[in-house]
Amino acid sequence: MFFFVKDIDGMVYGFSRSELVKIKEDQSELSKYLDINNPLLKEKSQEQKKKKISFKKAKNEVVMEVDLHVEKLVKSTRGMDNYDILSLQIETAERKVEYCIRKNIQKLVFIHGVGEGVLKTELQYLLNKFPVKYYDASYQKYGLGATEVYIYQNRN
């Protein structure tokens, strides 16, 4: 038996019965967790915030911030579809990581926003190709929509 699912962009995807998972929660119940201003989500983030260890930044530490929101990268998105926008964002991120490696900049913060998490996932996939470690950036400074990258530098 085959099932077809149409997304909000009109794309149709086919799935066999074995590929699907039945969710017993109502969609409206699940949707309430998508809102970043949701009290339940804020409560959970407050609990995590208490557990986190804070790091003090060295006085001379250089941190590069890169905003990957498309409106910060190009003047107009006219004629660009979602794939073009995502490709531009990932190419920009890759160039910035390579630049930081060349210039011995150890910390880089990518501001990607919350959204559906597509850019964040693609960014993590990209970062796995470099000698870096990455983690969510400071919640106080960036909220939930940023990733901090620590670049391992060769000391030859």
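Which helices each supply at least two residues of the lining of the second largest pocket? In this predicted model, they are helix H3 (70–73), helix H4 (82–102) and helix H5 (118–127). The largest share of that lining is drawn from H4, which contributes five residues. The space in the second largest pocket amounts to about 620 Å³. Its lining is made up of 22 residues, of which Asn82, Leu86, Glu116, Val118 and Leu119 are the closest to the pocket centre. Sorted by class, the lining comprises ten nonpolar, seven polar and five charged residues.

The protein as a whole contains six helices and six strands. Along the sequence these elements are arranged in the pattern β-β-α-α-β-α-α-β-α-β-α-β. The chain has 156 residues, and 26% of them count as buried.

In soluble globular proteins, nonpolar side chains tend to be buried together. Here the largest nonpolar core consists of 19 residues. Within this core, the residues with the most contacts are Leu68, Leu108, Phe110, Leu123, Leu127 and Val149. Two or more core residues are given by each of strand S3 (63–67), H4, strand S4 (107–111), H5 and strand S6 (146–151). H4 again provides the largest share, with five residues of the core. A pair of aromatic rings is described by the distance of the centres and the angle of the planes. One such pair is present in the structure. It is formed by Tyr150 and Tyr152, whose ring centres are 5.4 Å apart and whose planes meet at 85°. Since planes over 60 degrees apart count as edge-to-face, the Tyr150–Tyr152 pair is assigned to that class.

Tyr150 has a relative accessibility of 23% and so counts as partly exposed. Tyr152, with a relative accessible area of 44%, is likewise partly exposed. Tyr150 also has a charged neighbour: Lys133 lies over the face of its ring, at 5.5 Å from the ring centre.

Conventions:
Residues numbered from 1 in each chain as written. Predicted model: local features only at pLDDT ≥ 70, side-chain atom pairs only at ≥ 80, totals over all residues. Heavy atoms only, no water. 1 Å grid on protein atoms, 1.4 Å probe; cavity = no way out; pocket = protein on both sides within 12 Å on 5 of 7 lines; lining within 4 Å. Points joined across faces, edges and corners; volume = space filled by probe spheres on them. Helix = DSSP H or I, 4+ residues; strand = E, 2+ residues; numbered from the N terminus. Nonpolar A, V, L, I, M, F, W, Y, C, P; charged D, E, K, R; others polar. Phe/Tyr/Trp six-rings, centres within 6.5 Å; stacked < 30°, edge-to-face > 60°. Buried < 20%, exposed > 50% of the residue type's maximum accessible area, 1.4 Å probe, protein only. Lys NZ or Arg CZ within 6 Å of the ring centre and 35° of its normal. Core = buried A, V, L, I, M, F, W, Y, C linked by side-chain atoms within 4.5 Å.
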